[in-house]
Amino acid sequence: MGRRAISVLSLALLSSLWAEGASAESIIQRDGDHPKYSLELEPHLALGFPMPGYLGGSSLGAGVRFSIPVAERGLIDGVNDSAAIGFGIDLMRYSGGGAFAGDCEEYRGAGRERICVRVRGAPGPAFQVLVPVVFQWNFFFDPAWSAFVEPGIGIYYQHHEFDGSGTAGAFPVIQLGGRYHFSQSTALTFRIGYPYFSLGVSFGL
């Protein structure tokens, strides 16, 4: 399933949940009227964008996110919001599509006959580990539906199968998401943004 299909499904799910929330009893102005937990555990599946340094391709994988509440009554008085710090780990398999334009690590020849014979981070399939850290700002619209925004930063390590090389670095995180609450402690959770789309289940512990 491609990124376009995931985007369409995510937007359709957002629209249906928003419509349901509009017909349900609104709690957005009930400050603090939302599920309480000490830790949110969220295993999920993920579809990722091209890795840093690559011009094409996508990645598939799975991961887990942990969120620890830091402000149960949120940041705005009179609004039913909350804040948490989230962190996790994702294991991704990169398909290796598209061209690659990396720094040359080895040359042969001299002068005008000098050519590059090896570049850093060869193209092709790769295995990737992502470790995101985010600030999660939640908004609760009705008993079944909430949404959040997650800005943050992360670190990655990727192992290139073509030549066995590995690279590491940092990446930005900006994601929007929502939850469909089955109960006070369980919800379907989805997010869209960079570096990936995800769909999982959240457990409030």
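Q: Which residue is the bridge partner of Asp81 in β6?
A: In a regular strand the side chains alternate between the two faces of the sheet. In this predicted model, Asp81 is bridged to Phe139 in β6. Another bridge to β6 joins Ile85 to Phe135. Both belong to the pairing of β3 with strand β6 (residues 126-142), which is antiparallel and runs over 12 bridges.

Q: Which strand pairs with β3 besides that one, and in which sense, parallel or antiparallel?
A: Strand β2 (residues 59-71) pairs with strand β3 (residues 81-94) in the antiparallel sense, over 12 bridges.

Q: In what order do the eight strands of the barrel follow one another?
A: The order is β1-β2-β3-β6-β7-β8-β9-β10, and these eight strands close into a barrel with antiparallel pairing. On average, neighbouring strands of this sheet are turned by 25° against each other, direction ignored.

Q: How many cavities of 30 Å³ or more does the structure hold?
A: Rolling a probe the size of a water molecule over the atoms shows where empty space is left. Here the structure holds two cavities of 30 Å³ or more. The volume of the largest cavity is about 120 Å³. It is lined by 13 residues, and those closest to its centre are Tyr37, Glu40, Arg179, His181 and Gln184.

Q: Which strand gives the most to the lining of the largest cavity?
A: That is β10, with three residues. At least two lining residues come from each of β8 (166-181), β9 (186-194) and β10 (196-204).

Q: How do the residues of that lining divide into nonpolar, polar and charged?
A: The lining of the largest cavity has five nonpolar, six polar and two charged residues.

Q: Where is Gln184 found, and is Gln184 buried or exposed?
A: Gln184 sits in the loop between β8 and β9. It counts as exposed because its relative accessibility is 59%, and the cut-off for exposed is over 50%. Gln184 is also one of the residues closest to the centre of the largest cavity.

Q: How many salt bridges does the structure hold?
A: Side chains of opposite charge can pair when their charged atoms come close. The structure holds four salt bridges. In one of them the side chains of Arg179 and Glu40 meet, at 2.9 Å from N to O. This pair links distant parts of the chain, with Arg179 in strand β8 and Glu40 in strand β1 (residues 40-48), 139 residues apart. Arg179 and Glu40 are both buried.

Q: With which residue does Glu42 form a salt bridge?
A: Glu42 pairs with Arg191, and their closest N and O atoms are 2.8 Å apart. Again distant parts of the chain are linked: Glu42 is in strand β1 and Arg191 in strand β9, 149 residues apart.

Q: Why do Glu42 and Arg191 count as buried?
A: The cut-off for buried is under 20% relative accessible area. Glu42 counts as buried because its relative accessible area is 2%. Arg191 counts as buried because its relative accessibility is 1%.

Q: What does Glu150 form with Arg191?
A: Glu150 and Arg191 form a salt bridge, with the closest N and O atoms 3.0 Å apart. Glu150 lies in strand β7 (residues 145-160) and Arg191 in strand β9, so the pair ties together parts 41 residues apart in sequence. Glu150 is buried as well, at a relative accessible area of 0%.

Q: Which residues are linked in a network of salt bridges?
A: The network of salt bridges links Glu42, Arg65, Glu150 and Arg191.

Q: Where is the place of Pro172, and is Pro172 buried or exposed?
A: Pro172 belongs to strand β8. It is exposed, because its relative accessible area is 54%. The C-alpha atoms of Pro172 and Val133 are separated by 9.6 Å, while the two residues are 39 residues apart along the chain.

Note on methods: Residues numbered from 1 in each chain as written. Predicted model: local features only at pLDDT ≥ 70, side-chain atom pairs only at ≥ 80, totals over all residues. Heavy atoms only, no water. Pairing = 2+ DSSP bridges. Helix = DSSP H or I, 4+ residues; strand = E, 2+ residues; numbered from the N terminus. Axes fitted to C-alpha atoms, helices over the stretch in contact; angles between N-to-C directions. 1 Å grid on protein atoms, 1.4 Å probe; cavity = no way out; pocket = protein on both sides within 12 Å on 5 of 7 lines; lining within 4 Å. Points joined across faces, edges and corners; volume = space filled by probe spheres on them. Nonpolar A, V, L, I, M, F, W, Y, C, P; charged D, E, K, R; others polar. Buried < 20%, exposed > 50% of the residue type's maximum accessible area, 1.4 Å probe, protein only.
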